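These are my notebook entries on a single protein model. I set down what I looked up, in the order in which I consulted it.

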Amino acid sequence: MNNKLKDEILELLWSMREKGLKSYADLISGINDSGASDALLKMEKAGLVAISDNEVQLAEKGEARARDLTRRHRLAERLFHDVLEVGMQESEETACEVEHFLSPSVTESVCSFLGHPPTCPHGKPIPRGECCSRYKKDMKPLVMKLKELDIGSKGRIVFIAPSENSRLERLASMGILPGSIIRLKQKRPSFVLEIDETTLAIDSLIAEEIYVKEKK
Ligand SMILES: [Zn+2]
Ligand SMILES: [Zn+2]
């Protein structure tokens, strides 16, 4: 079986499920490859998907693979888009390539390096890995949550992963956006930052959602 096509199908099934979709026809049109229906039959035999009543869903074996692929894809998007500052289109294309070959240990390193981001640049959730729960303090990540920065330190905002998308605009209007250089002045009772000689106070819940790279 064409492995790349198989992976594409699994990944699409994962993101369709996030939107509550499972129609066979939607899957076929989303994949847009003449071999898709043949591949699906083989995948059903292999225990990767379950097909019934014009619906397709992930079966147990497919579930684990789809989860890994999605995790690698979305982590790679964060890496290329936010850290290496590659454009969105190119980040997306590169993510589609690397998701097939990142090994489990490299994936963990990338995740730790990025401070275990909860979402991709499109705001979609990144499936959690083992590294995300056992937070290794001995490994200094490149990107960390704002709250982990020492008081008095400077950092560059790398990305913001807000629980509400409406928040991004409000933060941006205050100058809190990727690329901004901040200095952390205080953590309690609220977070106080300095950006371009302006002092701002933000709620600690919002500080949880801002990821920075320390500037020495
Ligand atoms: Zn994405
Ligand atoms: Zn992690």
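**Entry 1. Overall layout**

I note at the outset that this is a predicted model. I looked up the secondary structure and found nine helices and eight strands. I then took the extent of the C-alpha trace, which spans about 60 × 35 × 30 Å along its principal axes. Of the 216 residues of the protein, 28% count as buried. Among contacts with a separation of 6 or more, 60% are accounted for by residues 24 or more positions apart.

**Entry 2. Helix 3**

Which residues of helix 3 are buried? I find A39, L40 and M43 buried in this helix, which covers residues 36-45. These residues lie on the same side of helix 3, because the arc they cover around the axis is only 105 degrees. On the face turned away from that buried side I find the exposed residues L41 and K45.

I next asked what covers the buried residues of helix 3.

**Entry 3. Helix 1 against helix 4**

I listed the residues that make the contact. Helix 1 contributes D7, L10, E11, L13 and W14. Helix 4 contributes G62, R65, A66, R67, L69, T70 and H73. By class, I count five nonpolar, three polar and four charged residues in this contact.

**Entry 4. Helix 8**

Is helix 8 well covered or hardly covered? I find it hardly covered: the count of buried residues among its eight residues, 166-173, is zero. Just after helix 8, G175 takes a positive phi of about 90 degrees.

I looked up the strand order and found six strands in an open sheet, arranged 3-8-4-5-6-7 with antiparallel pairing. Which strands stand at the edges? Strand 3 (143-145) and strand 7 (198-202) do, each with a single partner strand, so one side of each has no neighbour in the sheet. From one strand to the next, the twist averages 45 degrees.

As background, I recall that strands of a sheet pair through backbone hydrogen bonds, either parallel or antiparallel. I then went through three of the pairings in turn:

- Strand 4 (residues 154-160) pairs with strand 8 (residues 210-215) in the antiparallel sense over six bridges. I noted that I160 has I210 of strand 8 as its bridge partner.
- Strand 4 also pairs with strand 5 (residues 181-186), again in the antiparallel sense, over three bridges. Here G155 stands opposite I182 in strand 5.
- Strand 5 is joined by three bridges to strand 6 (residues 191-195), and the two run antiparallel. In this pair the bridge partner of L184 is L193 in strand 6.

Strand 5 and strand 6 form a hairpin, and four residues lie between them.

Buried or exposed? P189 is exposed, because 9 other C-beta atoms lie within 10 Å of its own and the limit for exposed is 12 or fewer. I also took its separation from R65, a residue of the contact between helix 1 and helix 4. P189 and R65 are 124 residues apart in sequence and 43 Å apart in space, C-alpha to C-alpha.

L102 I located in the loop between helix 5 (88-98) and helix 6 (104-113). L102 counts as buried, because it has 20 C-beta neighbours inside 10 Å and the criterion is 20 or more. Leaving aside residues up to four places away in sequence, I find that L102 touches R72 and T107. Finally, I looked up L102 and D68, which are 34 residues apart along the chain, and found their C-alpha atoms separated by 9.8 Å.

Methods. Residues numbered from 1 in each chain as written. Chains lettered and ligands numbered in written order. Predicted model: local features only at pLDDT ≥ 70, side-chain atom pairs only at ≥ 80, totals over all residues. Arc of directions from axis to C-beta. Contact = placed C-beta atoms within 7 Å. Nonpolar A, V, L, I, M, F, W, Y, C, P; charged D, E, K, R; others polar. Pairing = 2+ DSSP bridges. Axes fitted to C-alpha atoms, helices over the stretch in contact; angles between N-to-C directions.
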